[in-house]
Amino acid sequence: MRSQRILHVDGDSFFASCEMALDKKLKDKPVFVGGGRRGDGIVIAANYRAKAYGIITGMACFEAKHKCPDGVLVKPHYDEYRRLSLEIFRRVRHYTPLLVPTSIDEGYLDFTDSPTVFRCRTPADLIRRMRQELIEEVGVPVSMGLGSSRWLAKLATEDCKPDNFREVKEDEEREFLREIPIQKLAGIATRRARSLRALGVWTLGDIAHLPLTLMERRYGFLGLELWLLSSGKLRERLSLANKPRSCIGSATTLPYDEPDYESALLFLLDQTEKVVTTFFRENLKAREMGIYVRFKDHNGYGASIKFPTAQFEPRLINPQVEKLFRELTAHAELPIRQVCINFWNMQPLELEPNLFQHDEEYKRRELHHALEEIEDRYGKGRVKTGTRLLLEQEATHLVTNKAKCPFIPQREMEIKMDRIPEPMLDLIYEDEWKPLEEKPADSSLGLPRTWGRSTSRSVKFM
């Protein structure tokens, strides 16, 4: 059985590229995204022109402006980033039987049979078509790497950035990995890198010279994978895991540093209820919760609590949030800059009916779905909780509907891809996705005969 070929797709300076796609005037200018509330925040993304001036993610915006006076600082538009991300994934999904999105601008594709299906002589020919389609229809450049494992495909992408493609063939793997520093590999942080250096390992090529038994004994399954990768023997099967999230939270900077702690508490409770709505969307409840309060001087304090049983209802969670908040601010004097709420130790909701009726958790979830349908029909904000109404009445200056940083869980991204209208893309899979057994004589169009028009997209990739 031949090994699977995995394609890694990664947006180039994604947030900055999105801004350039949204505003053509930014095309040839150094662009960095960020700014915080009043331009006093940090850079969250920069295009390659800006990076040439030494601007990096996490740098203060005033410092970035000093390094690059001609650069353009753009405030983030997270809703647009989500939309463009889904447009990218919808298009690359046409070229694969399996797509595994891992973040807003990154994902993996099963590319084993794609060149054959699309009657391309080499993977590079099909990749060229895909990248051209993304540039013309979405306007966001992407880099792609092809290999026999996710690690290798991602390293190939990093090697060819920006806006390029690199394939690492099976007989070239060991040579390609020979000089790559171990820190470039996802999962190798400072402590593990220090441990590997103690064995004389500085590059992935160095690992191949170590005994396999030593790597297994020292690092377990990870050691085995590292040795196989560096030796050019790692073969991986791509799968859609769809694992539930282990934690859910929100960190929100207030629109203004708030000296009134009661108003800040209302803001925190409102954010808590927004986070709790995610529980129903993902069928989860939390056993543990923590809050964190950061003050004007950027110092902060946190506290956590473990519930007797896993919780999912704001009426039971909010009193505990209020209790922890008052403990943290009891002796504080400075205005509050940021509030954070986090839930972890997640458990699934009880959705199975008992002998006589559905469980209360099922009813609460159905109520949440009904409220979402009302908002979809009549617009956001048509349904408000008492906490939200009180916030609007007593702390109007703190009311904000600013979009949050657009992390989209894999399951939710898959659902949203099916909900987006498809005016341009109507070529989809018919009965199954498979390589052509033979190439027809009149194959000038380059469209696979396994494709056609259909109205049943949602069941094709389950």
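## Basis of the description

Because the model is predicted, local features need pLDDT of at least 70 and side-chain atom pairs count only at pLDDT 80 or more, while totals for chains, interfaces and linings use all residues. Residues are numbered from 1 along each chain as its sequence is written, and side-chain values use heavy atoms, with hydrogens and water left out.

Helices (H or I, at least four residues) and strands (E, at least two) are DSSP runs numbered from the N terminus. Two strands are said to pair if DSSP finds at least two bridges between them.

## The five-stranded sheet

Five strands form an open sheet in the order E5-E6-E1-E7-E8, and their pairing is mixed. Strand E5 (99-103) and strand E8 (165-167) are the edge strands, each pairing on one side only. From one strand to the next, the twist averages 15 degrees. Strands in a sheet pair through backbone hydrogen bonds, either parallel or antiparallel. Strand E7 (residues 142-147) and E8 run parallel and are joined by 3 bridges; methionine 144 has phenylalanine 165 in E8 as its bridge partner.

Helix H6 (residues 123-137) packs on this sheet, touching strand E1 (6-11), strand E6 (106-110), E7 and E8. Contact here means heavy atoms within 4.5 Å. The direction of H6 makes about 160 degrees with that of E7; such angles run from 0 to 180 degrees between N-to-C directions, and axes are lines fitted to C-alpha atoms, for helices over the stretch in contact.

## Helices H4 and H6

H6 also packs with helix H4 (residues 78-92), at an angle of about 145 degrees and with the axes 11 Å apart. The contact is made by Ile88, Arg91 and Val92 of H4, together with Met130, Glu133, Leu134 and Glu137 of H6.

Strand E10 (residues 284-295) pairs with strand E11 (residues 300-311) in the antiparallel sense over 8 bridges. Alanine 286 stands opposite glutamine 311 in E11. The two strands, E10 and E11, form a hairpin with 4 residues between them, and histidine 298 in the turn has a positive phi of about 75 degrees.

Lysine 285 lies in E10. This residue counts as buried because its relative accessibility is 8%, where buried means under 20% relative accessible area, exposed over 50% and partly exposed in between (1.4 Å probe, protein chains only). Leaving aside neighbours within four places in sequence, the contacts of lysine 285 include Phe279, Gln311, Phe312, Glu350 and Glu361.
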